[in-house]
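Thanks for asking me to look this over with you. Have the structure open as you read, and take the points one at a time.

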Amino acid sequence: MQLNTEDLEREFQAKIDSGRSIEPKDWMPEKYRKTHIRQISQHAHSEIVGMLPEGNWITRAPSLKRKVTLLAKVQDEGGHGLYLYSAAETLGITRDELYEQLHSGKAKYSSIFNYPAVTWADMGAVGWLVDGAAIMNQVMLTRTSFGPYARAMVRICKEESFHQRQGFEIMLTLCQGTEVQKRMAQDALNRWWWPSLMMFGPKDEESTHTEQAMKWRIKLKTNDELRQQFVDQTIPQIKILGLEVPDKDLKWNESRGSYDFGAINWEEFWNVVAGNGPCNKERLEARKSAFENGAWVRDAAMAYAEKKEALKEAV
Amino acid sequence: MNTKLYEYILLLADNPLILGHRLSELCGHGPSLETDIALTNISLDLFGQVRNYFQYAAQVQGLGKSEDDIAFLRYEHEYRNVIMVEQANKDFAWVIARQFFFDAYHKPLLEQLAGSNDAQLSAIAHKSLKEVQYHHHFSSEWVKRLGDGTEESHTRMQDAINHFWPYMGELFEETALEKEMKENGTGADLVAIKPVFKSFTNEIMAEAGITVPSSEWSHSGGKKGTHSEHLGFILTELQYMQRAYPNMTW
């Protein structure tokens with residue numbers, strides 16, 4: 001019996017509702033496929049653009065141990081990009097097409113990476129806050145409906161939580177150090193705090209995709225819920241460090257059992273999304289030039305593989 | 001303190017230090033994600049080796065210094081790396097040529113050091129050898145791919161080989177210290193490594209369709225502390241934090 005689209009959609013949703021995963025060869029609504037290509041590739045792009053601000057500090061890391069840890073961290077991000085591009089490719093799009101969307105500005109990546117990493121303390125703050133905020137989203141995604149994405153997330157989450165601990169440890173070392181180091185740590189917190197809160201995306205009432213995303217188990221919590229969870233989790237850590245939260249409106253709300261925090265500068269958020277952040281141009285330029293300068297290398301590898309294949313067939 | 005052993009460790013460790021630094025500059029900028037990850041891996045391996053060497057050097061020196069003091073707080077003329085590893089990442093073919101020549105030297109060097117009568121050096125060499133076998137395979141495969149890939153990749157690979165050719169001789173130039181360390185059973189025999197290096201690199205270049213340059217002349221000086229202009233810039237970055245914020249814990 002031939003099922004019509006409505007039946008297929010009903011069956012598809014029932015599968016999701018029962019907690020089973022959708023695999024690349026399963027039937028899926030076109031919108032589900034497109035949404036996943038958009039979200040997974042945006043995530044992959046964030047990983048590889050995210051290599052840049054931290055990559056800037058590898059050659060200047062203050063000790064051999066920190067250098068090796070940072071190199072390994074940035075390399076992990078490249079690895080995450082690799083699994084995520086592969087997960088997106090299972091939906092019928094090539095990596096080159098995805099790069100093209102990044103380079104043309106059609107695809108977005110996490111705006112946080114458009115902020116500059118100006119001191120060594122930023123390596124601590126980025127690992128601790130940015131990876132920390134990313135994990136909140138990613139832990140949720142380990143239970144998402146699309147199988148390859150959920151499985152990629154399980155592996156990524158393990159590494160990210162390791163990165164977060166390393167970031168916090170960098171901050172802790174600075175905070176237990178000299179006055180200069182403490183000031184460096186506070187300055188980094190001041191600069192990364194608000195952009196980290198913005199990482200969860202617009203307020204719920206302005207978030208356009210939430211309802212559909214929840215139906216498909218791409219989202220299990222709303223942006224505001226995750227943001228609050230992040231604030232509640234991070235404030236005690238800031239206290240351990242002995243730093244000040246750069247928010248004069250922050251206070252514990254006894255009745256909610258949560259922290260109330262000050263207003264986010266959404267104008268800044270939308271400006272950075274629109275391309276006006278401090279490093280948008282540099283980040284995209286760096287990605288484009290790596291891709292363009294690498295074209296002859298990829299062509300050579302392809303030509304060589306074809307020659308080898310032809311030789312094998314001739315034998 | 002055993003000054004000679006300390007100096008010899010620097011001769012071994014400064015090459016992976018500076019080469020690791022050059023490779024780390026590429027992290028996030030590779031021609032593909034796969035090559036980016038692979039080059040970062042090599043850089044990570046080299047820094048891991050450097051840490052083993054410098055921890056040992058600090059112990060031999062016996063002045064209570066750390067691996068970081070040795071890595072970051074020397075002046076230009078106190079670094080003992082060959083000039084070849086300082087050369088810039090002009091393009092991927094340069095990166096590969098530099099790596100190819102270094103790996104072709106590094107592998108037999110470590111094979112020899114694995115038999116050193118110094119237990120610590122022998123242990124470091126054993127551990128490093130596993131990693132360097134992979135580097136050796138990676139770089140030689142890429143010489144073949146680029147040499148025998150497209151017309152453009154061939155031209156670039158040949159240009160890179162031509163550029164690095166006159167820097168190779170220094171790898172085999174035996175200093176008085178290296179000669180003494182060889183004779184007392186601690187160090188490697190560079191004279192014996194050279195033919196292994198030659199036959200391997202010639203074989204790969206022939207397979208890659210690369211013309212082997214004929215000049216026998218070579219730059220030198222790095223091992224004695226006379227470097228190219230590149231080293232000052234490398235150290236400016238490498239030492240930045242340690243120089244700008246002295247005596248702090250990171």
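This is a predicted model: local features need pLDDT of at least 70, side-chain atom pairs count only at pLDDT 80 or more; totals for chains, interfaces and linings use all residues.

1. Let's begin with helix packing. Two packed helices are described by the angle between their axes and the distance between the axes. In chain A, take helix H5 (residues 121-141) and helix H7 (residues 179-198): their axes come within 9 Å and cross at roughly 30 degrees. Angles under 35 degrees count as roughly parallel, and H5(A) and H7(A) are therefore roughly parallel to each other. Their crossing is right-handed.

2. Now zoom in on the residues of that pair. On the H5(A) side, the residues in contact include Trp128(A), Leu129(A) and Ala133(A), while the H7(A) side includes Leu189(A), Trp192(A) and Trp193(A). Sorted by class, the contact of H5(A) with H7(A) has 13 nonpolar, 1 polar and 2 charged residues.

3. Which way do H6(A) and H9(A) run relative to each other? Helix H6 (residues 147-175) and helix H9 (residues 223-241) of chain A pack at an angle of about 30 degrees, with axes 9 Å apart. That makes H6(A) roughly parallel to H9(A). Among the residues that meet here are Phe168(A) and Met171(A) from H6(A), and Ile240(A) and Leu241(A) from H9(A). This contact divides into 6 nonpolar, 3 polar and no charged residues.

4. The next pair has a wider angle to look at. Helix H4 (residues 95-104) and helix H11 (residues 280-293) of chain A pack at about 145 degrees, and their axes are 10 Å apart. The crossing of H4(A) and H11(A) is left-handed. H4(A) contributes Asp96(A), Tyr99(A), Leu102(A) and His103(A), and H11(A) contributes Leu284(A), Arg287(A), Lys288(A) and Phe291(A). By class, that gives 4 nonpolar, 1 polar and 3 charged residues.

5. Let's step back to the two chains. How many residues of chain B are in contact with chain A? There are 48, and they touch 46 residues of chain A. About 4,000 Å² is buried between the chains, with 71% of that area coming from carbon and sulfur atoms. Leu33(B), Leu44(B) and Trp250(B) supply 18% of the area that chain B buries against chain A, more than any other three residues.

6. Finally, look for charged partners across the chains. Chain B and chain A have 2 salt bridges between them. One salt bridge joins the side chains of Arg95(A) and Glu34(B), at 2.5 Å from N to O.

Terms used: Residues are numbered from 1 along each chain as its sequence is written. Chains are lettered from A and ligands numbered from 1 in the order in which they are written. Side-chain values use heavy atoms; hydrogens and water are left out. Axes are lines fitted to C-alpha atoms, for helices over the stretch in contact, and angles run from 0 to 180 degrees between N-to-C directions. Helices (H or I, at least four residues) and strands (E, at least two) are DSSP runs, numbered from the N terminus. Angles under 35 degrees count as roughly parallel, over 145 as roughly antiparallel, 65 to 115 as roughly perpendicular and the rest as oblique. A crossing is left-handed if the near helix is turned anticlockwise from the far one by less than a right angle, and right-handed if clockwise. Contact means heavy atoms within 4.5 Å. Ala, Val, Leu, Ile, Met, Phe, Trp, Tyr, Cys and Pro count as nonpolar, Asp, Glu, Lys and Arg as charged, and the others, Gly among them, as polar. Buried area is the accessible area (1.4 Å probe) that two parts lose on being put together, summed over both. A salt bridge is a side-chain nitrogen of Lys or Arg within 4 Å of a carboxyl oxygen of Asp or Glu.
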